[in-house]
Amino acid sequence: MITRANKFIRLHLLLAVLVALQLGYWYKTKDVAPEMEIVPAVPGREVIHAMTFGDDQFYFRVLTFYLQNAGDTFGRFTPLRDYNFNKLYHWFNLLDELDAKSNSIPSMATYYFAQTQNTKDVRYVVDYLYIHSTRDVSTKWWWLVQAIYLSLHKLEDKDLALKVSKPLINDTVPAWAQQMAAIVREKRGEFDDALRIMETIRDNAKNIEDKDLKYMEYFVKERIGKLDKITAKHKDSK
Amino acid sequence: MRTNIRYILITALRDWLFIGLFIGTLVATAISATLGSTALIEEKEMTLSFASGSARLILMTGLIVFICFHIRSAFDSKEIDVILSRPVSRINLVISYFLGFSFVGLLLTIPIIAIIAAIGVLNWAGFAVWAASIILEMALVVGLALFSAFTLRSAVTSVLACMGFYVVSRMMAFLVFTSHSGMVAEPKFAIFRWALQAISTVLPRLDFFGKSEWLIYGLKSAQDWQFYTAQAFIFIPLLLAATMIDFKNKQF
């Protein structure tokens with residue numbers, strides 16, 4: 001017959017054995033850590049839409065927050081050169097599905113991710129900015145201007161800058177931004193095209209400010225040396 | 001009826017429902033403001049989205065738990081029997097419970113709307129439509145919780161069933177989209193397509209309610225408020241009718 005004291009000892013012995021097991025388990029698994037990737041895997045379109053639970057904007061903001069802090073969570077500080085920009089590109093476009101009006105993603109792409117030390121990756125940012133902006137150039141023209149800057153000065157790719165500058169020739173875009181298209185052509189040595197763009201801006205713009213007109217005159221005269229041609233053309237038409 | 005409504009109000013006060021949900025909403029808003037302040041740009045938009053989404057979730061969850069447990073305890077303690085021993089019809093009882101819980105829900109919703117307004121209104125038309133949709137969603141969830149609580153025997157089962165209905169109803173847009181997608185059009189997926197369509201006919205379209213984008217960008221069109229208003233005015237009476245029919249046939 002088990003006495004009360006025996007029962008007490010057996011129970012405490014059992015507890016001691018189990019605690020020892022737990023300590024042993026902890027010792028064996030203490031260095032097992034989750035594999036933390038920098039840029040998380042990109043979910044599918046259908047999964048994203050299912051997970052919104054009817055509130056696209058809420059989930060968009062959650063994922064934006066998630067992406068903004070990707071790689072810098074749980075005590076990590078990751079240099080931008082280690083980020084997978086292909087994955088980031090797909091994330092940017094996926095989030096535009098939830099909210100293409102917001103400027104959060106293009107800001108993040110332009111002012112943060114484009115500062116990567118691995119300059120080749122900036123191509124992904126430019127490609128994204130082009131897709132994002134051409135949905136609605138009249139409100140998103142600023143990001144095309146940023147894309148031109150990144151193409152010309154970071155990537156030094158004038159062909160890419162040319163492609164990105166074309167949608168800016170639009171009378172809903174401010175005159176100075178439209179002039180960027182002419183500047184790109186001037187940088188490529190395509191002076192006649194640059195002149196044609198300036199003339200298009202002058203003819204179609206609803207309202208050109210004085211400073212923009214002055215810049216156009218300076219550009220045509222000093223940068224592409226075509227002021228005489230315009231003056232002669234103007235005299236002939238009279 | 002008024003007595004029952006007053007009793008529900010007293011129970012809500014006794015259970016610290018108002019204080020609990022209000023504190024929960026304040027904490028959620030504070031966390032939203034902290035997270036929103038870390039955004040690169042559009043801090044207010046992020047704060048508004050987080051606060052409105054989390055507050056809505058807290059409100060609906062709190063109401064579901066409160067209603068399901070209240071009704072089940074009323075059955076278990078024979079309170080329902082006592083009420084029915086008076087000249088109160090079963091239909092009147094269901095309606096009085098609905099009105100009572102809706103009133104409590106309204107008292108809980110008003111501070112949430114005020115908190116969102118205090119964060120800052122970016123678009124007044126959108127804010128008004130969002131506030132109205134939250135109130136209607138609250139009433140619909142009250143109806144859903146009542147139906148679950150009256151038809152199921154256990155409080156926990158009622159809560160789980162109601163939450164399941166809520167989640168699936170919120171995902172209804174996705175289910176409808178899937179039922180129209182190309183893959184499901186194939187004959188071998190016919191059962192799957194019919195199942196999705198059957199589910200979408202009997203559950204409400206809660207994805208039309210409480211969209212945070214209204215707070216930020218305003219309305220896209222009049223359909224934004226028309227859809228959820230029509231859904232609420234059709235489905236709430238439907239739920240109440242189903243509850244009344246089940247309750248009338250119940251032997252206890």
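A residue is taken as buried if 20 or more other C-beta atoms lie within 10 Å of its own, as exposed if 12 or fewer do, and as partly exposed in between, with C-beta atoms placed from the backbone. The structure is a predicted model, in which local features need pLDDT of at least 70 and side-chain atom pairs count only at pLDDT 80 or more, while totals for chains, interfaces and linings use all residues. Residues are numbered from 1 along each chain as its sequence is written, and chains are lettered from A and ligands numbered from 1 in the order in which they are written.

B:Trp16 is located in the loop between α1 and α2 (17-37) of chain B, and it counts as exposed, with 11 C-beta neighbours inside 10 Å.

Chain A contains twelve helices and zero strands, where helices (H or I, at least four residues) and strands (E, at least two) are DSSP runs numbered from the N terminus. The order of elements along the sequence of chain A is accordingly α-α-α-α-α-α-α-α-α-α-α-α. The radius of gyration of chain A is 30 Å, well over the 18 Å that the globule rule gives for 238 residues, so chain A is more spread out than a compact globule; the radius is taken over C-alpha atoms, and the rule is 2.2 Å times the number of residues to the power 0.38. The C-alpha trace of chain A spans about 125 × 35 × 30 Å along its principal axes. Of the 238 residues in chain A, 30% are buried. Among contacts in chain A between residues at least 6 apart in sequence, 62% join residues at least 24 apart, a contact being a pair of residues whose C-beta atoms, placed from the backbone, lie within 7 Å.

Chain B has eleven helices and zero strands, and from the N terminus on its elements run α-α-α-α-α-α-α-α-α-α-α. For its 252 residues a compact globule would have a radius of gyration near 18 Å, and the 20 Å of chain B agrees with this. Along the principal axes, the C-alpha atoms of chain B fill a box of roughly 60 × 55 × 30 Å. Buried residues account for 41% of the 252 residues in chain B, and, of the contacts in chain B with a separation of 6 or more, 79% involve residues 24 or more positions apart.

Between the chains, 18 residues of chain A are in contact with 22 residues of chain B. On the side of chain A that touches chain B, α2 (45-51), α3 (56-68) and α5 (104-112) of chain A each supply at least two residues, and α3(A) gives the most, with six residues. By class, this side of chain A comprises six nonpolar, eight polar and four charged residues, where Ala, Val, Leu, Ile, Met, Phe, Trp, Tyr, Cys and Pro count as nonpolar, Asp, Glu, Lys and Arg as charged, and the others, Gly among them, as polar.

Within chain A, helix α8 (residues 158-165) and helix α9 (residues 175-187) pack at an angle of about 155°, with their axes 9 Å apart; axes are lines fitted to C-alpha atoms, for helices over the stretch in contact, and angles run from 0 to 180 degrees between N-to-C directions. This angle makes α8(A) roughly antiparallel to α9(A), on a scale in which angles under 35 degrees count as roughly parallel, over 145 as roughly antiparallel, 65 to 115 as roughly perpendicular and the rest as oblique. The crossing of the two helices, α8(A) and α9(A), is left-handed, a term that applies if the near helix is turned anticlockwise from the far one by less than a right angle, with right-handed used if clockwise. In this packing, A:Lys158, A:Ala161, A:Leu162 and A:Ser165 of α8(A) meet A:Met180, A:Ala181, A:Val184 and A:Lys187 of α9(A), and the contact has five nonpolar, one polar and two charged residues.

Within chain B, helix α1 (residues 2-14) and helix α5 (residues 90-119) pack at an angle of about 40°, with their axes 8 Å apart, and α1(B) and α5(B) are therefore oblique to each other. The crossing in which α1(B) passes α5(B) is right-handed. From α1(B), the contact is made by B:Asn4, B:Ile5, B:Ile8, B:Leu9 and B:Ala12, and from α5(B) by B:Ser96, B:Tyr97, B:Leu99, B:Gly100, B:Phe101, B:Phe103 and B:Val104. The contact of α1(B) with α5(B) has nine nonpolar, three polar and no charged residues.

How values were computed
Two residues are in contact if their C-beta atoms, placed from the backbone, lie within 7 Å.
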